[in-house]
Amino acid sequence: MAEYNHKEIEQKWQHYWAENKIFKAEVNPEKPKFYVLDMFPYPSGAGLHVGHPLGYIGSDIVSRFKRNKGFNVLHPMGFDAFGLPAEQYAIQTGQHPAITTEQNIKRYKDQLKGIGLSYDWDKEVQTCDPKYYKWTQWIFSQLYNSFYNNVSNKAEPIENLMAVFEKEGNKNVKAICDEDTSIFDAIQWNGLTEEKKALVLLKYRLTYPADALVNWCPELGTVLANDEVKDGFSERGGYPVERKKMRQWMMRITAYADRLAGNLEKLNWSESMKDMQTNWIGKSYGCELDFKVADKNITLTCFTTRPDTIFGVTYMVLAPEHELIDELTTSTHKEEVDAYVQKAINRSERERMSEVKTVSGVFTGSYVINPFTKEKVQLWVADYVLAGYGTGVVMAVPSSDDRDFRFATYYGLPVKKVIGGTEDLEDPTEIKYGKMINSGFITGMESKDAVLATIEHAEKEGFGKAKINYRIRDAVFSRQRYWGEPVPVYFTEDGVPHLIPEDELPLELPPVDEYLPTESGEPPLGRAKDWVYKGKYNYELTTMPGWAGSSWYFLRYMDATNEKAFVGSEVVKYWNSVDLYIGGTEHATGHLLYSRFWNMFLFDRGFIFHEEPFQKLVNQGMIQGRSNTVYKLKTENTFVSLGLKDQYDTIELYADVNMVYNDKLDIDAFKNWRAEYAEAKFILEDGDFKCGFVVEKMSKSKYNTVTPDAMIEKYGADCLRMYEMFLGPIELSKPWNTHGIDGVAKFLRKLWGLFFDYEGNFLVKDEKPRAEEYKALHKTIQKVEQDIESLSFNTSVSEFMICVNALNQLKCHKKSILENLLVVLSPFAPHISEELWQSLGHEQSIINAPYPVFNAAFIQEDEYEYPIMINGKLRTKIMFSLDKQPKEIELETLKNETVLKWLEGKQPKKVIVVPKKIVNLVV
């Protein structure tokens, strides 16, 4: 083969890998396993751009490397295929989301295969496939039939709980349940109707229906998660979102809050990711205190972590969603309170939590009584209090809390200082802890002692109790849309939910005439004709959220075609948890928490044998777009090059980056791009039209998306793979540009040149390598192995370039050197490595070749280049043998021509030789 032809080579080897199932992963107890996982993508219509494969290429390098190191590697790929975009397209066009999704998946698979990723496609899963979501529905059913036992600290079958109820009721039961659960004995339980027993059990089940405050988007016709709402609008489409109560299925993730937080220390995750999850879970120790409302038979209970500051309470605050606001608002304040509440509840909790410096609220006209001081304080409504955290009631202590202080200052409310050292401070919140002052019986105590004393006093007096609280809420598990997993539930006439029997799963999505809610406001499934269970019972009409299928897909990959179980027992024992998981940080408080929750539940119930799903997590950075801009005269169809634009009155427009190279515009391509530019004129500088640029997110509207297909067509998949790694550390975000891709392309041609000359003659010889050749190879073996283990792929690419340059300079065509180099390179550039490996006479894929063993003896240096300093300034460098003695180094240095020139005939006063470091001459 005369020259390196990436198109022929890459198509050849991709076909070979697929035809021979080279990457097929099967249980093999005789080999150690390694499970590498990418966060599977949602298959959007736009396909992949060059930013998407960053993590995929990184995981592929690790997968191929581990295979060479003797591991049995599971490296699967699938698609998170339910989602709003396909449903919105269906609403607009009438095309079933399944058709759109299938087309998009095909495009994604073609693109992923074109990059040369070593996925075992026999393990592919699609969350919208009934064969897959049968088991999502099955897991839902197991959750429904389980409760959380605080004694055993794990989920157990609901039958265990029912057995206790039959014998002794629930007075001694220690289990997670709704706070309004009544206490009953065995006689009362056994006397209940089946309907009422079912309603009691819903208060314990790990999934249950409830009225919940949700983010409702009328335009999209669905409930949105908090992370899908920004500034009161849907992240997708920018439609208004309002907060309203709706009947929803909930997941009792709060039962696992303690374990979700506590287990983080066992995981090899970044500290920032652990902090995000810890903060989202929000475990806090404190107590609940009861405040009676003056002149009303109402008691408000608040949770506080700082009961020691109770004597500093100067007002109380309700969340805008609090159910008693109407009763607590006096007639003179009603109009103002109603207007404020309406505005506040339509902002997401995430917004309200993040906008810490915004102050807003309204007085209800009511007062509450401090149980410790018996003083009356005003009762306000403010959006910095969240309904779901604690009780939705906050005792405000402006002298100790930043938000309370800003609020009190803004509205002119009193500030009572209760911590020593704050007496003369303008902002007393600068000191959070200390000796208590102005605080009744706890005055003089340290804060931590005062906390215990106030809790003890409140419990003794009967108006408070110690409590652990969590910020995390039970997760909403319903979406009012069509394109999602049907919930396997039907309702009898009494409104009690019942599970579809396991042997009747999956409950498949029925056809509908439109993908919109019904005229009466029911979800789209309400349009399904004659869709009832056993001809008479109504199905649940909401569908599962997008995170349902993604909360366990990593388990299904292990055993994707098993029709008898979601995963086989022996299979899951072997593959166990994921060894390396790569994906974006945007899933920190969604997918990763839900996956850990479901995994823990399945572990508790004995279906799997590992508590945590992902042992090591790496968050790849984003490849940002690098947009190009052109400058058009305001008055005519003429464009001005970047360096000349300030001489004219211009407007800035975007140009498609695919017609720009090194910021120079392809004028002919630009003219053909749009009809209005066909006759445009161009004012050049130095014969070129130079574009401006800006780094921003890749977006169609900015014309800065670059597909991997375009890069592969021009440069090849191996070049794209190595260049994406070369851009910088995988964890960091970086702008995409093609300025350096030619360097990688030249490297591949230089590598090819070590095997073939320009006429196609094979150059490799089976000769004994020289020391310098061994040295170049083994430096690379050591460096690349260390880099892959630490995911420092960018420095490996640099090392390959150094090695190939060195071998070219040495005119090295030795088989044993090049053979080992190919194995080391193959995880990064698998196609060219396979081709050259075959040229060396190998019949088996390079994936089966053992990784070369590093030999430190080959990289031992026998010389050292000494910097020569004269009066503290570097004047030259001289190479000396490592076994040369200091006196010999001194004598030879003084004879060096460059040194003699700088000495100007003078004799040095002192010559200091530091072995293997420096020679210093003092003149």
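Rings of Phe, Tyr and Trp (its six-membered ring) pair if their centres lie within 6.5 Å; planes under 30 degrees apart count as stacked, over 60 as edge-to-face and the rest as tilted. With that in mind, look for the cluster in which ring pairs link Tyr315, Phe363, Tyr367, Trp380, Tyr384, Phe407, Tyr410 and Tyr411. What you are viewing is a predicted model, where local features need pLDDT of at least 70 and side-chain atom pairs count only at pLDDT 80 or more, while totals for chains, interfaces and linings use all residues. Residues are numbered from 1 along each chain as its sequence is written, and side-chain values use heavy atoms, with hydrogens and water left out.

Let us stay with the rings for a moment. The structure holds 69 aromatic pairs. One of them joins tryptophan 547 and tryptophan 598 edge-to-face, at 6.2 Å centre to centre and 70° between the planes. Tryptophan 547 lies in helix α16 (residues 547-550) and tryptophan 598 in helix α19 (residues 591-604), so this pair ties together parts that are 51 residues apart in sequence. Helices here are DSSP runs (H or I, at least four residues), as are strands (E, at least two), numbered from the N terminus. Tryptophan 547 is buried at 9% relative accessibility, and tryptophan 598 is buried at 0%. Buried means under 20% relative accessible area, exposed over 50%, and partly exposed in between (1.4 Å probe, protein chains only). The rings of phenylalanine 670 and tryptophan 673 form a tilted pair, because their centres are 5.8 Å apart and their planes stand at 45°. Both residues lie in helix α20 (residues 667-673), three residues apart, about one turn of the helix. Phenylalanine 670 is buried at 0%, whereas tryptophan 673 is partly exposed at 23%.

Next comes the overall layout. The domain assignment, which is automatic or from a database, gives domain 1 (284-469), domain 2 (623-703), domain 3 (711-856) and domain 4 (861-922). The centres of domain 3 and domain 4, taken over C-alpha atoms, are 38 Å apart.

Now for the interior. A nonpolar core is a set of buried Ala, Val, Leu, Ile, Met, Phe, Trp, Tyr and Cys residues joined through side-chain atoms within 4.5 Å. The largest has 173 residues, of which Tyr256, Tyr553, Trp598, Met722, Phe755 and Phe828 touch the most other members. Domain 2 and domain 3 each supply at least three residues to this core. Apart from it lies another core of 51 residues, among them Ala344, Leu379, Val381 and Ile455.

Finally, turn to the backbone. Most residues other than glycine have a negative phi, and most peptide bonds are trans. Leucine 505 and proline 506, however, are joined by a cis peptide bond, with omega about 5°. Aspartate 295 has a positive phi of about 65°; this residue is found in the loop between β10 (284-293) and β11 (299-304) and is exposed, at 76%.
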